[in-house]
Amino acid sequence: MRNPASEPNPGSESSNGGSASELRVFVRKKRGRKTIETQETKYEAEPLDQKLRGPPEIEEFGYKQVNGSFQSTVETFLSKPRFESFICDGVPLNIPTGEPPPNWEKVLEGIRKMRSTEDAPVDTMGCEKAGNSLPPKERRFAVLVSSLLSSQTKDNVTHGAIQRLLQNGLLAADTIDKADEATIKGLIYPVGFYTRKAANMKKIANICLMKYDGDIPSSLEELLLLPGIGPKMAHLVMNVGWNNVQGICVDTHVHRICNRLGWVSKSCTKQKTSTPEETREALQLWLPKEEWVPINPLLVGFGQTVCTPLRPNCGMCSVSDFCPSAFREISRSPSKSKRSSLSKKL
């Protein structure tokens, strides 16, 4: 017996009364491929005294995207205001100074007392000690070279490199400019990134000879244009070389300790600052200007002896009662942690 449902449909009445079979046709539209046009950006070679367009320097520079193009932090640093105002949620706030953290004066005095009883490497081998016996012009250049070499390098290693350069008569712009780069590399080894720093020393020496008669730039902006020189180094050179205080010299020690003490935070937030440059800006909002120069060697030495990067000595710190980070970092040696993890696996 046939199933009527399986029979083909003979047709249906059309809208005008006639009999017609209705045929529906589905057409799949082809999706066209989107064409993405890219625009090549050509960078022309610039003189050495212009802002570098190459890769970021060792630790001072980074690049971020601004309006579709990449802008170096040097350009950002020079273009934005110092500390007169900042923007919070899109609203500019004209605040000349920030609110000082509680008990900061007691903490600073306590750190001074701790530092007075124990010498740190920065006290005798810091960048500001370079070329102490040289005339002012030569000393400024020595401080600049020492600052360049100090990046990601311990003070005793930087001091040794400066002494070898001095003994070989290679701590002036004219002698460095004439010297072979391989000779400079051999003398400054084993400072961090000594190959790149030797090349930058040659470039800086040439710029100082051509533009400043063997002296160094006398403005923060011009110092920042030198290859390998970032904000931390530029402020230190301005403070020591020219006795011109325009900002705080913030290195990794100052950055770390200020965050541990809760002295700095990102704008409009309670989050820790993520870079030394952010720390500098936040610290300058409230720290009295007479403390801008001594705060660097004070905290650097404190970071080298007590508030060390790993396993800080909170037990011997006299200001731990005022420190929100005291005793929070685990003081367990790597060897013990490895043995404990190994025993768990067994």
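Good morning. I begin with helix α2 (residues 104-116) and helix α13 (residues 295-305), whose axes come within 10 Å and cross at roughly 65 degrees. The axes are lines fitted to C-alpha atoms, for helices over the stretch in contact, and angles run from 0 to 180 degrees between N-to-C directions. Helices here are DSSP runs of H or I with at least four residues, strands are runs of E with at least two, and both are numbered from the N terminus. The crossing of α2 past α13 is left-handed, a term that applies if the near helix is turned anticlockwise from the far one by less than a right angle.

On the α2 side, the contact (heavy atoms within 4.5 Å) is made by Leu108, Ile111, Arg112, Met114 and Arg115. On the α13 side, Ile295, Pro297, Leu298, Leu299, Gly301 and Phe302 take part. These residues divide into eight nonpolar, one polar and two charged. In this scheme Ala, Val, Leu, Ile, Met, Phe, Trp, Tyr, Cys and Pro are nonpolar, Asp, Glu, Lys and Arg are charged, and the others, Gly among them, are polar.

A word on the origin of these values. This is a predicted model, in which local features need pLDDT of at least 70 and side-chain atom pairs count only at pLDDT 80 or more, while totals for chains, interfaces and linings use all residues. Residues are numbered from 1 along each chain as its sequence is written, and side-chain values use heavy atoms, with hydrogens and water left out.

For the protein overall, there are 14 helices and six strands. Buried residues make up 39% of the 346 residues; buried means under 20% relative accessible area, exposed over 50%, and partly exposed in between, with a 1.4 Å probe and protein chains only.

Next, the charged pairs. How many salt bridges does the structure hold? It holds five, each defined as a side-chain nitrogen of Lys or Arg within 4 Å of a carboxyl oxygen of Asp or Glu.

Glu109 is partly exposed at 37% relative accessible area, and Arg112 is partly exposed at 31%.

Arg115 also forms a salt bridge, with Asp123, at 2.7 Å between the closest N and O atoms. Here Arg115 is buried, at 11%, whereas Asp123 is partly exposed, at 25%.

In helix α12 (residues 276-284), Arg280 and Glu277 are likewise three residues apart, about one helical turn. Their side chains meet in a salt bridge of 2.6 Å, N to O, and both Arg280 and Glu277 are buried. Elsewhere, salt bridges with shared partners join Glu109, Arg112 and Glu291 into one network.

I close with several backbone details. Tyr189 and Pro190 are joined by a cis peptide bond, with omega about 15 degrees; Pro190 lies in the loop between α7 (181-188) and α8 (194-212). Gln152, in the loop between α4 (136-150) and α5 (155-167), has a positive phi near 55 degrees without being a glycine. Asp213, another non-glycine residue, has a positive phi of about 55 degrees and sits in the loop between α8 and α9 (220-224). Is Gln152 exposed or partly exposed? At 46% relative accessibility, Gln152 is partly exposed, while Asp213, at 62%, is exposed.
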